[in-house]
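Try each task before you read its solution.

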Amino acid sequence: MEQEDSLIQLPKLSKKTYEKELQHLQIELVRLQEWIKQEGLKVVILFEGRDAAGKGGAIKSITQSLNPRICRVVALGKPSDQERTQWYFQRYTAELPAAGEMVLFDRSWYNRAGVEHVMGYCTHEEYVEFLRSCPEFENMLQRSGIILIKYWFSVSDNEQEKRFSDRIKDPRKRWKFSPMDLEARARWVEYSKAKDDMFNATDTKLSPWYVIDGDDKRRARLNCINHLLAKIPYEDVLPKPFDLPPLQNKMVYVRPPIYLQNFIPDVTAHLE
């Protein structure tokens, strides 16, 4: 199968080039963060897409150098029995930002148009109502002053299969893989149709989807951050470098013996 909305494939980006550019972009993200804080902006960024398309890596690249009190990630699990009786958007609205905050949704209310619809976790009526009401909900958020940006990470089936195999082999990544991922593979075409129907209903002029080619993770992260920085006009209000005040040394104080403290064992002595 071909990648959704595939573009011309560039060669894989080298690690050295990637890290140099990422460092530059992360400095700009810190400047954006300070602007959001100073101006009291409210920013919501949605990350959606195929499993293993690179959403998590992009989110980590964005948040790595940012203040978690200003930029936070929301990754909700399946709804509780009580939440299932609530208005569908209710548990998401509880996570929306206050002034001076940026919230990144690692999957969002679009679960209803994707996994819930394809796997039969919602009724057809609930699905249709979501497609009808979602643009209204997002317009309401924007009228309230929220900056809303929606990213869809696309990945080819061959690249997705490779990443799934890597996850299974690597104990550090195996937790990312679930039986639902296997089912998604078996329903690739159904998910493609669900994505197309979702775009048809929710890719609006006021709240468009921005698609990211995720086959090269490094390029995808850099492209995502560059686009994000361009979508929110900001000024450089980052504090300038300053001199540290002199260390206090005039107070008479005798510290307790160091052996009274519980230091953890140093198991790195054999490492070079």
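**Exercise 1.** Find how far apart the end C-alpha atoms of residues 12-236 lie, and what share of the span is helix and strand.

*Solution.* Step one: the end C-alpha atoms of residues 12-236 are 32 Å apart. Step two: the span is 51% helix and 14% strand, where helices (H or I, at least four residues) and strands (E, at least two) are DSSP runs numbered from the N terminus. Step three: UniProt, in an unreviewed entry, places the feature "domain: Polyphosphate kinase-2-related" at residues 12-236; UniProt annotations may be inferred rather than shown by experiment.

Before you go on, note that this is a predicted model, in which local features need pLDDT of at least 70, side-chain atom pairs count only at pLDDT 80 or more, and totals for chains, interfaces and linings use all residues. Residues are numbered from 1 along each chain as its sequence is written, and side-chain values use heavy atoms, with hydrogens and water left out.

**Exercise 2.** Describe the largest nonpolar core.

*Solution.* Start with the term: a nonpolar core is a set of buried Ala, Val, Leu, Ile, Met, Phe, Trp, Tyr and Cys residues joined through side-chain atoms within 4.5 Å. Buried means under 20% relative accessible area, exposed over 50%, and partly exposed in between (1.4 Å probe, protein chains only). Next, count: the largest core has 31 residues, and Ile-45, Phe-47, Ile-62, Tyr-151 and Phe-153 have the most contacts inside it. Then look for the contributors: helix H1 (15-39), strand E1 (42-49), helix H2 (55-63), strand E3 (101-106), strand E4 (146-154) and helix H9 (217-231) each give two or more residues. H1 gives the most, with seven residues.

**Exercise 3.** Which residues of H2 are buried, and which elements do they pack against?

*Solution.* First, the buried residues of H2 are Lys-55, Gly-57, Ala-58, Ile-59, Ser-61 and Ile-62. Second, they pack against H1, E1, strand E2 (71-74), E3, E4 and H9, with contact meaning heavy atoms within 4.5 Å.
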